[in-house]
Amino acid sequence: MSVRRTAAIVRKELLHIFRDPRNLFLVAASPAFLLFLLAYIFSFDVTQVNLGALDLDHTSLSRHYLASLTSNQDLSLVYAASSYDELLPHLVSGDVDAVLVIPPGFADRISAGQPAQVQAIVDGTDPFSGGQAAGWLEARSSAFVAGTSTLRLPGRENPVEVRSQAWYNAGLESLLSMVPALLAIVLIMPTMAFSLALARETETGTLEGLLATPLRGSEYVTGKLLAYVLMGLISAILAMLVAVIWFKVPFRGSLATYLLLAGDYFLACMGAAVIVAVFVKSQQTVMFIILIIFLVPSFFLSGLITPISTESIGSTLTSYALPSSHFVEISRVVFLKGLGLDYLAQPALVLAGMGMGALILGLGLFRKKIA
Amino acid sequence: MFNRIGNLIIKELIQLGRDRLLTAFIVLAPALQLILMAQSIEQGINEQPMAVLDLDRSRLSRQLTTALDNSEELRAQFYIQSMDHAHRLLDEGRARSAVIIPAGFAEGVESARAPQQILVVADATNTMAASIAINAAAGVVGRFSSDLARSHGQVTPEFIDFRTKVRFNPTMDIRNFSIPAQVGFIIYQITLAVAALGLARERELGTLEQLMVTPLRRFELALGKGLPAIAIGWLNFGVVWVISLTVFQVPMNGSALLLSILTLLFVVTVVSWGLVISAISRTQQQAILFVFIQAMTDVAFSGFLVPVKNMPNFLQTISRIVPLQHYLVIIRSVMLKGAGLGSLVPQVVALVGLAFFMGLVALFSVARRVE
């Protein structure tokens, strides 16, 4: 393998990228642009629960109870029904997450010192929202009891208290947690551009021209890969600038470590792309494969929102087969925990292994294909 | 006219069939993707590994540790001796939270001086996991505390007997929530990708000019390109939907006919978006870039990863033009809640409007771009 010929391919690729502004945007600027778009959608800390209520008691105590449930902005009474039959359609259409039924005689029972039954019907289709609604309603109902109690006993009512601390992100702000993780998703774009560049050369027939020169297959692939990894690192820096300057996410680690591991991530993704390129004849097939294998699963399996499950081997393997799962972790650790390579040896080595393995296999297959 | 459109459709299908890899992908990938994604859906929000620093080492502190370990969300995995060790475990990400029971805890509770404080520390690089751990620990300690108060002869008077009933998904099974959504994502990505490339590819390869010298009219061209994509999307729906019912046992409580018709409407909308992308891009690469930006924002806006009602108002307004968002509500409501047309009026109106509007834009833009 000749360094000079490989360098020539790198130069040719960089020329291609810089000559066409659209290509330049795709490779260098699109991650920053997408991060900007996605971060807004993914970072809200408010959870809203909509409640429908049927108050059959109509007393000031029952109204007081309802008011105490909805005194915070996060739980709001959006529908007050006058009969039981009205409630269900609202639950079916999703206007409300839960409905609450206060039976007749609610106030009478409480003043007689007996517990009054209140029923909540929760929409379980979204277990996260449903669980939240059920939890809040129950907690606030018992808080209401304590609040109205005239029989408050002195002293040891609450022998144990909890104090909590959120480390690395003291305000528990989801923006700070999401932006570093989203970087892993948007940095799929340089890989996309690399695979397209490989496929385009096959599709338009210019690969044949190149192969008629003394250039070897491995030099061709390596040169292209180097050019796109280089551009990928530039795009990573641009996206980091958006994260740090626009979204004010603290960057506590070292830039050199981050870029080294980003290069590692690109190597793993682009190595896989080389294998794909051997089998693929057209750019449209490349797009399908990257969309279906990398992009869409990365949203769900990479630990972006909830951590990766380790409960079953199947799910763990599926998740860790995706390079983005490793980079989600790396990105969060370097940004928020500020730790270095010694803590990230495992994901770094896995990515490097994936990248080298895929590249060796890809180059072998490529040589066979052009031979 | 029908003859000409028919011929074009046949041409499209032959062309697709010639790329074996692409055909295999379009046919097999959806089913494979659903099976892989569904495996990994049990995400790691339960049984999160926790470190316990018990400085009291009393019977009471062990009881508290057991109570924390017994909760669904937490698992006491590391019993440690020092705060430094807790710090290291959280840094490495091996524990996601740590609970610290101070020395003199049991004695303090017995002597009933001030309330005893338990410290819970959580790794907030992932805010969702951290909030779940903190809330779970607070809940366990709260119950532990009131049990203690009760056993010391304090009777907390109970005023409200609060009962919760969960409808539509009584066990709050997360699969019943995610799998219908995955069905939506899968048909969305395939349909958009198939529709977006047709014209751009012909233009880039120069075959569009040949088509234009035939008697084919421009709207016939749009229909001939759109109909195969619609058919592919709809067939894919059939396959993944049947898998979700048979392999994953997702309940189907509503009308299959209604769901199929509304799916067709959704597919038409997505194909129209795709045709517009195809018409306005000059090269395949540009079309692919648009598809990726579109896919990322649509997945983000879909309401699956972040509920739409938690977004600020201006983003909620934007999300109304995202067909995927309406479709996910439809498929979830029909399958789990058995919703009929009556309770889906807003979503159906939105989809009909979007299909009609985007369809017109697609016809118009294809016609204009071809000139």
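Reply: Before we start, contact here means heavy atoms within 4.5 Å. This is a predicted model, where local features need pLDDT of at least 70, side-chain atom pairs count only at pLDDT 80 or more, and totals for chains, interfaces and linings use all residues. Side-chain values use heavy atoms, with hydrogens and water left out.

Me: OK, how many residues of chain B are in contact with chain A?

Reply: On the chain B side 113 residues take part, and they are in contact with 116 residues of chain A. The two chains bury about 10700 Å² between them, with 68% of it on carbon and sulfur atoms. Buried area is the accessible area (1.4 Å probe) that two parts lose on being put together, summed over both.

Me: And how many salt bridges are there across that interface?

Reply: The rule finds 2 across the interface of chain B and chain A. A salt bridge is a side-chain nitrogen of Lys or Arg within 4 Å of a carboxyl oxygen of Asp or Glu. B:K337 forms one with A:D123, and their closest N and O atoms are 2.9 Å apart.

Me: Switching topic, which residues are linked with A:E201 in a salt-bridge network?

Reply: The network links A:K12, A:E13, A:E201 and A:K224. The side chains of A:E201 and A:K12 meet at 3.4 Å, N to O. That pair links distant parts of the chain, with A:E201 in helix α8 and A:K12 in helix α1, 189 residues apart. Helices here (H or I, at least four residues) and strands (E, at least two) are DSSP runs, numbered from the N terminus.

Me: What about A:E201 and A:K224, how far apart are they, N to O?

Reply: Their salt bridge is 2.3 Å, N to O. A:E201 lies in helix α8 and A:K224 in helix α10, so the pair ties together parts that are 23 residues apart in sequence.

Me: Is A:K224 buried or exposed?

Reply: A:K224 is buried, with a relative accessible area of 0%. Buried means under 20% relative accessible area, exposed over 50%, and partly exposed in between (1.4 Å probe, protein chains only).

Me: Now A:D55, where does that sit?

Reply: A:D55 lies in strand β1 of chain A, residues 49-55. A:D55 is buried yet has no salt bridge, and the nearest side chain of opposite charge, A:R63, is 5.3 Å away. For charge, Lys and Arg count as positive and Asp and Glu as negative, while His and the chain ends are not counted.

Me: So which residue does its side chain join in a polar contact?

Reply: The side chain of A:D55 is joined to that of A:S62 by a polar contact of 2.8 Å. A polar contact is a pair of N or O atoms within 3.5 Å; within protein, one must be able to donate a hydrogen and the other to accept it, and residues adjacent in sequence count only if both atoms are side-chain atoms.

Technical notes. Residues are numbered from 1 along each chain as its sequence is written. Chains are lettered from A and ligands numbered from 1 in the order in which they are written.
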